[in-house]
Amino acid sequence: MTVDMAQLVGYKVEASDGSIGKIDKHTDYVGRQYIVVDTGPWIFGRHVMVPASLVTGVDEESETVYLAATREQVKDSPEFESGQYDDVALIQLIEKHYANPHM
């Protein structure tokens with residue numbers, strides 16, 4: 001999918017089984033793209049970093065991004081805080097989390 005992730009900031013995010021929040025930021029890290037999702041009150045205002053490779057579709061009319069991940073996967077993802085965009089260990093944890101959903 002060739003989408004400029006920067007243009008999606010503010011879009012709603014839908015997991016495969018329901019809404020999870022809105023895109024707060026995007027980041028590029030050594031050729032990889034991620035979106036940072038503000039989960040709002042759903043999981044206490046937490047921010048999660050999701051690999052852009054999980055984006056399955058974008059509906060520009062409704063400003064919604066769809067993910068190939070469940071709400072539970074997002075909820076159980078590693079903790080992300082602003083400023084951790086270049087934290088190699090965190091990036092590896094996030095990639096491992098989404099690559100191995102049974103963990």
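**Entry 1. Conventions and overall fold**

I take helices (H or I, at least four residues) and strands (E, at least two) as DSSP runs, numbered from the N terminus. The model I examined is predicted, so that local features need pLDDT of at least 70 and side-chain atom pairs count only at pLDDT 80 or more, while totals for chains, interfaces and linings use all residues. Residues are numbered from 1 along each chain as its sequence is written, and side-chain values use heavy atoms, with hydrogens and water left out.

I looked up the secondary structure and found two helices and six strands in the protein chain. Along the sequence, the elements follow the pattern β-β-β-β-β-β-α-α. I then turned to burial, where buried means under 20% relative accessible area, exposed over 50%, and partly exposed in between (1.4 Å probe, protein chains only). Of the 103 residues in the protein chain, 40% are buried. For contacts I required heavy atoms within 4.5 Å. Among contacts between residues at least 6 apart in sequence, 47% join residues at least 24 apart.

**Entry 2. M49**

I located M49 in strand β4. M49 counts as buried, at 1% relative accessibility. Leaving aside neighbours within four places in sequence, I listed the contacts of M49 as T27, Y34, I35, V36, F80, Y85, I91, I94 and Y98.

**Entry 3. S77 and H97**

I placed S77 in the loop between α1 and α2. S77 is buried, with a relative accessible area of 5%. Beyond its neighbours within four places in sequence, S77 is in contact with R46, V48, H97 and Y98.

H97 is buried at a relative accessible area of 12%. With neighbours within four places in sequence left aside, the contacts of H97 are Q73, D76, S77 and P78. I checked polar contacts, each a pair of N or O atoms within 3.5 Å; within protein, one atom must be able to donate a hydrogen and the other to accept it, and residues adjacent in sequence count only if both atoms are side-chain atoms. The side chain of H97 reaches the backbone oxygen of Q73 at 2.7 Å.

**Entry 4. Helix α2**

Helix α2 has 12 residues and reaches 16 Å from its first C-alpha to its last, close to the 16 Å expected at 1.5 Å a residue. I recorded L90, I91, I94, H97 and Y98 as the buried residues of α2. Seen down the axis, these buried residues fall within an arc of 125 degrees, so they line one face of the helix; the arc is that of the directions from the helix axis to the C-beta atoms. The face turned away from the buried side carries the exposed residues Q92 and A99.

**Entry 5. Salt bridge**

I searched for salt bridges, defined as a side-chain nitrogen of Lys or Arg within 4 Å of a carboxyl oxygen of Asp or Glu. The count by this rule is one. The side chains of R46 and E79 form a salt bridge, at 3.2 Å from N to O. The pair links distant parts of the chain, 33 residues apart: R46 lies in the loop between β3 (32-38) and β4 (47-51), and E79 in the loop between α1 (71-75) and α2. R46 is buried at 13% relative accessibility, whereas E79 is partly exposed, with a relative accessible area of 45%.

I took two strands as paired if DSSP finds at least two bridges between them. Strands β5 and β6 run antiparallel and are joined by four bridges. I noted V58 opposite V65 in β6. The two strands form a hairpin with four residues between them. E63 lies in the loop between β5 (55-59) and β6 (64-67). E63 has a positive phi of about 50 degrees although it is not a glycine, and it is partly exposed at 42% relative accessibility.

Strand β1 pairs with β6 in the parallel sense over three bridges. I found Y66 in β6 as the bridge partner of E14. In β1 (residues 12-15), V13 and A15 form a covered face, and K12 and E14 an uncovered one.

Notes
The expected span of a helix is 1.5 Å times one less than its number of residues.
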